[in-house]
Amino acid sequence: MENESAGTVRFHIMNCISNPSLYQQGMKICIKSSSDGGKWVKGGDDIQYRISRISNLENRRKHIYSLSFSYTFKTDREVVYFAYAYPYTYSNLWEDLTKIKESQQRIDSKKKFVRFDKLCTSNLGLLVPVL
């Protein structure tokens with residue numbers, strides 16, 4: 001999201017279905033801001049997770065929940081990303097796989113317990129590995 005000017009904005013995310021939510025136990029939103037150096041941090045103010053006024057059309061006994069939180073934009077034209085959890089990127093995957101491969105190379109070949117193969121190629125042409 002990109003704001004026009006600095007200030008506080010209230011967000012409402014509707015149609016959540018899980019109860020209880022970790023947000024009710026103090027979990028924070030993951031936030032990445034251009035004004036904070038582009039690192040993911042936990043934040044958000046006045047986080048509320050509660051039953052929504054919208055009813056579940058498929059099953060009236062199940063409730064629909066909404067997640068609401070406030071965020072204060074620090075600068076004009078600030079670009080901010082929000083996520084439920086810290087994103088695990090394709091680069092993170094390959095860093096982890098490289099560490100596993102390196103640890104396997106230090107082990108006797110008869111004791112190796114992980115094999116790497118190509119599962120397929122993604123729509124973007126990226127290798128999708130299978131272990």
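A salt bridge is taken here as a side-chain nitrogen of Lys or Arg within 4 Å of a carboxyl oxygen of Asp or Glu. The structure is a predicted model, in which local features need pLDDT of at least 70 and side-chain atom pairs count only at pLDDT 80 or more, whereas totals for chains, interfaces and linings use all residues. Residues are numbered from 1 along each chain as its sequence is written, and side-chain values use heavy atoms, with hydrogens and water left out.

By the salt-bridge rule, the count comes to three. Glutamate 4 pairs with arginine 77, with the closest N and O atoms 2.9 Å apart. This pair links distant parts of the chain, since glutamate 4 lies in the segment before β1 and arginine 77 in the loop between β5 and β6 (80-83), 73 residues apart. Strands, like helices, are DSSP runs numbered from the N terminus (strands: E, at least two residues; helices: H or I, at least four). Accessibility was classed by relative accessible area as buried (under 20%), exposed (over 50%) or partly exposed (in between), with a 1.4 Å probe and protein chains only. Glutamate 4, at 60% relative accessibility, counts as exposed, and arginine 77, at 46%, counts as partly exposed.

A salt bridge is also formed by arginine 10 and aspartate 46, whose closest N and O atoms are 3.4 Å apart. Because arginine 10 lies in strand β1 and aspartate 46 in strand β4 (residues 45-55), the pair ties together parts that are 36 residues apart in sequence. Both residues are partly exposed: arginine 10 has a relative accessibility of 29% and aspartate 46 one of 48%. Aspartate 117 forms a salt bridge with arginine 115, and here the closest N and O atoms are separated by 2.8 Å. Aspartate 117 is partly exposed at 35% relative accessibility, while arginine 115 is exposed at 62%. Side chains of opposite charge can pair when their charged atoms come close.

The nonpolar interior was examined next. A nonpolar core denotes a set of buried Ala, Val, Leu, Ile, Met, Phe, Trp, Tyr and Cys residues joined through side-chain atoms within 4.5 Å. The largest such core has 13 residues, and those with the most contacts inside it are Tyr23, Ile29, Tyr49, Leu67 and Tyr71. At least two core residues come from each of β1 (7-16), β2 (29-33) and β5 (63-73), and β5 gives the most, with five residues.

Contacts (heavy atoms within 4.5 Å) were then listed for individual residues. Apart from neighbours within four places in sequence, tyrosine 49 is in contact with Cys16, Ile17, Ser18, Ser21, Tyr23, Gln24, Tyr65, Ser66 and Leu67. Serine 66 lies in strand β5 and is buried, with a relative accessibility of 7%. When residues up to four places away in sequence are not counted, serine 66 touches Ile13, Met14, Gln48, Tyr49, Arg50 and Ser52. Valine 9, located in strand β1, is partly exposed at 29% relative accessibility. Its contacts, leaving aside neighbours within four places in sequence, are Phe69, Ser70, Tyr71 and Phe73. The C-alpha atoms of valine 9 and phenylalanine 69 are 8.5 Å apart, although 60 residues separate the two along the chain.

Strand pairing requires at least two bridges found by DSSP between two strands. An open sheet of three strands has the order β3-β2-β6, with antiparallel pairing. β3 and β6 stand at the edges with a single partner strand each, so one side of each is left without a neighbour in the sheet. On average, neighbouring strands of this sheet are turned by 35° against each other, direction ignored; axes are lines fitted to C-alpha atoms, for helices over the stretch in contact, and angles run from 0 to 180 degrees between N-to-C directions. Four bridges join β2 to strand β3 (residues 40-43), and the two run antiparallel. Isoleucine 29 stands opposite glycine 43 in β3, and cysteine 30 opposite lysine 42. The hairpin of β2 and β3 has six residues between the strands, and within this hairpin glycine 37 takes a positive phi near 85°.

Cysteine 30 is buried, with a relative accessible area of 0%, whereas cysteine 120 is partly exposed, at 34%. A search of the whole structure for disulfides (pairs of cysteine sulfur atoms within 2.5 Å) finds zero.
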